[in-house]
Amino acid sequence: MRLNGDVHLTYCTNVHPGESWAETRAALGRHLPAVKARVAPAAPFGVGLRLSARAAGELEASPAALAEFRAFLDENGLYVFTLNGFPYGAFHGGAVKQKVYRPDWSEPDRLRYTDRLACLLAALLPEGVDGSISTVPVGYGADIAPAAAARAAENLRRHADTLARLRDRTGRAIALALEPEPDAWLDGVDDAVRFLEDAVFAGARGAGDEDVLRRHLGVCLDACHAAVLFDEPLAALARLEARGIAVPKIQLSCALRIPAVDAAATAALGDFADGVYLHQVVERSAAGLRRFPDLPAALAAPRIDGAEWRVHLHVPVWAERLGPFETTRDSLAALLARLRRAPATGHLEVETYTWSVLPAAHRGGGLDDDIARELQWAMAALS
């Protein structure tokens, strides 16, 4: 949806399972019109599209399929303005965990996949609307050696060249946004700033080349990821703006918060260890911050009673509580209040992809209703 000015709000379709184009197209046909009818029945509705590498390849190889999809969008008052290019392969139905980061940006398959996404997005963008693609934060932290980081920086420069050529050829402006995540190689926004400035932009061939890089490469601020690190999203955004780093997209999301961990809390948290996604945990106590790569590791460690935990688990953005636990909704609300006064990006995307793995007691009455409720909450906060 287009809000005030050139701000567009949507939800990410990575919540819908589908790895082939046929599966993805069927899910979009079921859910997009239903969500639009609930939140924007009389206005165009923006789409945050997720395409796996397989689906993107199949769609690119079939002009007829692309034309049919564009006709579907037009007939239903829909338009695509942003893509989620983070998960390359399967994202539902089995253990994802660290596999979601592969291939990383040091590998040619990641570059080829993201170039393909950019070409598809250029073909789908409506006139006068810029595009964005969110992507992995280079890779998983333990997997990225210095040589791999250097290759990643070069591949990102090559992708920026692709985006610049697309803009010259099609008139469509697209930016890539690295999405920091706890325990990834770009753990938080400060890591992303350092990497872009010291490794990517520093490799520019001149002032004009650096301008191209800065125009086409930036950071996707995920409010859940920042909050897990005890880095308030509002403060993280201020630091990005102070350094002149582009923010092509902000993902509206909340984490699970346990203000004072005890035996009862850790027992109840076992229900959230779904075995599909990584649920990184950061603990804050008098001893400082302690990190755990996944929820089972945190639950197995010696407990510091009274410490605060933040858990990387995308929970409904409207929820202040989930059962005995709190959420980081207040942090998200503060960010949205700032965006209401002074937009920092044109692309806002609700990204709660975990509905299928949330304990049943915390799910709503139906997925389309739940997605609509999140969008309605975000719209109210922004207006």
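**Second largest cavity.** I started by looking up what lines the second largest cavity in this predicted model. I found Pro180, Glu181, Asp187, Gly188, Val189, Cys220, Leu221, Asp222, His225, Ala226, Leu229 and Asp231 around it. Next I checked which elements give two or more residues to that lining, and I got strand E6 (217-222) and helix H8 (223-228). E6 gives the most, with 3 residues. Sorted by class, the lining has 6 nonpolar, 4 charged and 2 polar residues. I noted a volume of about 70 Å³ for this cavity.

**Strand E6.** Is E6 mostly covered or mostly open? It's mostly covered, as 6 of its 6 residues are buried. Then I went after its partners. Strand E5 (residues 174-178) pairs with E6 in the parallel sense, over 3 bridges. I picked out Ala177, whose bridge partner in E6 is Gly218. Strand E7 (residues 249-252) also runs parallel to E6, and 3 bridges join the two. Here I wrote down Asp222, which has Gln251 in E7 as its bridge partner. Asp222 was already on my list of residues lining the second largest cavity.

**Largest cavity.** How many cavities of 30 Å³ or more does the whole structure have? My search turned up 4. The largest one holds about 170 Å³ of space. I counted 17 residues in its lining, and Phe86, Phe91, Val100, Glu181 and Tyr353 lie nearest the centre. By class, that lining splits into 8 nonpolar, 5 polar and 4 charged residues.

Technical notes. Residues numbered from 1 in each chain as written. Predicted model: local features only at pLDDT ≥ 70, side-chain atom pairs only at ≥ 80, totals over all residues. Heavy atoms only, no water. 1 Å grid on protein atoms, 1.4 Å probe; cavity = no way out; pocket = protein on both sides within 12 Å on 5 of 7 lines; lining within 4 Å. Points joined across faces, edges and corners; volume = space filled by probe spheres on them. Nonpolar A, V, L, I, M, F, W, Y, C, P; charged D, E, K, R; others polar. Helix = DSSP H or I, 4+ residues; strand = E, 2+ residues; numbered from the N terminus. Buried < 20%, exposed > 50% of the residue type's maximum accessible area, 1.4 Å probe, protein only. Pairing = 2+ DSSP bridges.
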